Amino acid sequence: MKRIHCLNIFCLLFLMCFVSFTGHGQTDRKHQKEVEGLLLSADDAFGRGDYFDAAGLYEAIALFSPDNPYPVYQAAESYRKYFEYGMAEQSYKKALDLDKEGGFPLCTYWYANMLKMNGKYVEAEKMFELFLSTFIPAEETEDIYLEYALLDYNGCVLALEEMSKSYRDFRFENLGEDVNTDHLEFAPAIFGADCTIVITSSREGSSGDDQFHMFGESFTDNYRFSYEDGKWKEIPNSKQNFDALNTIRNDGSGVLHPDGTKYYYTICDERTGGQCAIYVSKFDQKHNHWLKPEKLNENINPEEVWNAQPALSTTGDTMFFVSKREGGYGYNDIYYSVNVGDEMWGEAKNLGDQINTPFEDMCPTFHPKTKSLFFASNGHEGFGGLDIFIAKDITSGVRNLGLPFNSNRDDFYFVLGEDKGYMASNREDTMAQGHDDIYWFNFYSLETILSNIPRDTTYESKEISGTVLTADTREPVGDIDIMLTSEGDILLTTTTDSLGRFRFKTIDAKRDYLIKLAEANPDLTQPIKYILDKLIITNSVQPVTRTLFENIYFDFDKSYIRPEAEMTLQLLLEYQKNNPDCQIEIMGNTDSRGSDEYNLDLSNRRSKAAYDYLVSRGFPRTALVTRGAGESSPIVQNFNEIGMQLNRRVEFYVRGSNKPNSPYMTYIAEKGMSSKKVGEKFSMTGDQVKEANKLKGNRVKKYQPVRVFRGDLMKMIAPESMLASEMDSYHVEDQPELDPNAPADVVIEIKNEKGAKSYGGVSINSFTMYEQKNSFNLAGNDSIYARPGEEIYIVKPLDILARIANEYNMSVLQLKLINGLSTNRIQIGQRLRVKKRGSSASN
């Protein structure tokens, strides 16, 4: 929701109209009086904490007093206090420019602070340095701002350092519009299971029908949500009388007792100066509903003292909470109290100066599994305003939780369940920019993000290389998998060498990438183990190129290397020795049998088998990248055994090369073949076939992948096998003989349940109908003639367009275009224009 200062627009219009309809002398006096009246109203609103209204009033005054820095500075103060940091930055900058006499010495500090809150760390550093070198406190109470400035300066240094470091991928996401609105949503509390939560929200429809003037929002209520079937759904507050927890004032920030029978939460009453207190609502199990809340005793809630944000220990007998009582270290501190029974809470004790600071420390939560206390603070070095910190115990110091949990804005109300966690933030990607939203994330991470590589549209391709080190000792990390991802998909995986080095050659420069590594389920309390060092990005105007070298094939549901595949891998080893700068992409594939998940895993195992074979024989790790495609990238249909065998493969691409590299293609053997018969088909001797495929004897099994010379063909699959793979339910042993009596002017249609196909002059027993039809004779059609660079091809039995195009190094589309064909149907004896052998096909 875009909040509008309706009151102050009225004031502005009134002043404009007043100026227009009065004389100049009278105008000056009356104008001044009206502005002074508005100023009193603005100061009064500011003093009451009605910052939303105050900001608009000061802005209206500034329009009529353009040289006066006071209303501009006060507008900036108001914006800051209700978290409109973008507007606050602009107003502080304007006030600095107007303040010629130095009447607002803190303006430099707050401008630097807003630069930091808006993620402009380098600019903020300079302004903090300026403030630290020039600010002279006018009174003792202003000494604290020098501490603030030094803390914030160090926070900028920390943020810049941390943003260049690795961080773990916890699948951190905004809960979206099913939970978040353009109002305030914060203080998530896990309500039993991980995927049921209570949140605090100022959305429309709250129990209080008044406006909370500090933020220009409605009073807040508690709301429940459950994640079911991939979607968040609100649980009606009428269910189990959950409405009993909501009053006409601000309600929220609570915690469910471990046994599920009590909910402790905060109620803030503006009628008592905005004082907050902690209450408990008990669940009546007999009647299945929540009871009206009761205020906790004076050890938790002393009279006229602000107390809020309860959290509980594992057993629920210790409460952590936030209080502004006397004797603390700062603006508000975190305390704890022990329940001796029946809500008799003992004396509150301060957690000490390792946790609490002279500033704001708030939003505690205790996590039983890791025995850790999490809290938000702006008194420890942080990225922005409030950051989230972790303390393993209250005497050994705290650690900033880092990315992605902390940002340049306010991050708070952090809570953990078994496998999921939640928090609130007003970072820039909220549903309404600058408002608080609820986020969720995984407790365990599977990946560490080493670097974020943004797109660069001025180039076509890039190469990325770097070194992985241990975070603590800075030693190289060898033999660890590095993943290149984009938009959530793993594109390529490589492995570091003994010096921790890796690289990705010739990738698209116009995409955003993350460089990740896999880890064995570290949780978010564990520090980062690995960092990226010496990242080098080399951009190029040359397009991405990757050329298929050769394929190897696998038996059904297997990932071991077949004998003929070893010969391909040996050829790759030789290629690498002659081209040491090359990088080979290994892409695993499967046929369509099996589930998507299983086939993806199987394709990765096949890639890994080829990778292990090459590395074990000296192929450099950094010269290999792998990926598994599962069944998603078939080269032919999975109609029959031949097609499925062709799809059970690993492809090898040379990245950065556009030249063919292997002299072999693959033929899927028919029944009764031998090395000699295969050789006769492909202009090879039987011994050449045996050598190319590591055959021990002459026998070639049915459906066996056989490496054969491709001659002048540019394809990886023999045309015979491509043709056979396209025939539904084709069986090699049933391949029919050609019909010798089929005349040239006859079209042969072979039909089955899936439609008609024209192969001409053949009879295939798996099809349900076979017939001959008279047609016109194209063989003698003199209007079909060869043009320069072309020759005439006469269609023979068993020909299809794909086979002819393959033979003449053309695409099917090119073949259809130069012959004016609108379909793929051709006839025996038909004359077709084709490219002369040796000439290149046009694009």
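These legends go with a set of close-up views of one predicted model. Residue numbers start from 1 along each chain as its sequence is written. Because the model is predicted, local features need pLDDT of at least 70 and side-chain atom pairs count only at pLDDT 80 or more, while totals for chains, interfaces and linings use all residues, and side-chain values use heavy atoms, with hydrogens and water left out.

**View 1. The whole protein, for orientation.** There are 16 helices and 42 strands here; these are DSSP runs (helices are H or I, at least four residues; strands are E, at least two), numbered from the N terminus. Of the 843 residues, 53% come out as buried (under 20% relative accessible area; exposed means over 50% and partly exposed is in between, with a 1.4 Å probe and protein chains only). Take the contacts (heavy atoms within 4.5 Å) with a separation of 6 or more: 63% of them join residues 24 or more positions apart.

**View 2. Helices H4 and H5 side by side.** The axes of H4 (residues 69-81) and H5 (residues 85-98) come within 8 Å and cross at roughly 155°. Axes here are lines fitted to C-alpha atoms, for helices over the stretch in contact, and angles run from 0 to 180 degrees between N-to-C directions. That makes H4 and H5 roughly antiparallel (angles over 145 degrees; under 35 is roughly parallel, 65 to 115 roughly perpendicular and the rest oblique). H4 passes H5 in a left-handed crossing, meaning that the near helix is turned anticlockwise from the far one by less than a right angle, whereas clockwise would be right-handed. On the H4 side, look for Pro-69, Val-72, Tyr-73, Ala-76, Glu-77, Tyr-79 and Arg-80; H5 brings Tyr-85, Met-87, Ala-88, Ser-91, Tyr-92, Lys-94, Ala-95 and Leu-98. Sort the residues of this contact and you get 11 nonpolar, one polar and three charged (Ala, Val, Leu, Ile, Met, Phe, Trp, Tyr, Cys and Pro are nonpolar, Asp, Glu, Lys and Arg charged, and the others, Gly among them, polar).

**View 3. Helices H9 and H10 where they cross.** H9 (residues 563-578) and H10 (residues 596-616) have axes that come within 10 Å and cross at roughly 50°, so these two helices are oblique. H9 passes H10 in a right-handed crossing. Glu-566, Leu-569, Gln-570, Leu-572 and Leu-573 of H9 meet Ala-610, Tyr-613 and Leu-614 of H10. The tally for this contact is six nonpolar, one polar and one charged.

**View 4. Aromatic rings.** The whole structure holds 49 aromatic pairs (rings of Phe, Tyr and Trp, the last by its six-membered ring, with centres within 6.5 Å; planes under 30 degrees apart are stacked, over 60 edge-to-face and the rest tilted). Phe-186 and Tyr-413 have ring centres 5.7 Å apart and planes at 40°, so this pair is tilted. Phe-186 sits in strand E3 (residues 185-190) and Tyr-413 in strand E22 (residues 411-416), so the pair ties together parts 227 residues apart in sequence. Both Phe-186 and Tyr-413 are buried. Another spot to look at is one aromatic cluster of Tyr-109, Trp-110, Phe-128, Phe-131, Phe-135, Tyr-145, Tyr-148 and Phe-359.

**View 5. Lys-371 in its loop.** Lys-371 is found between strand E18 (361-367) and strand E19 (372-377). With 58% relative accessibility, Lys-371 counts as exposed. Leaving out residues up to four places away in sequence, Lys-371 touches Phe-366 and Lys-392. Asp-393 is 22 residues from Lys-371 in sequence and 8.2 Å away in space, C-alpha to C-alpha.
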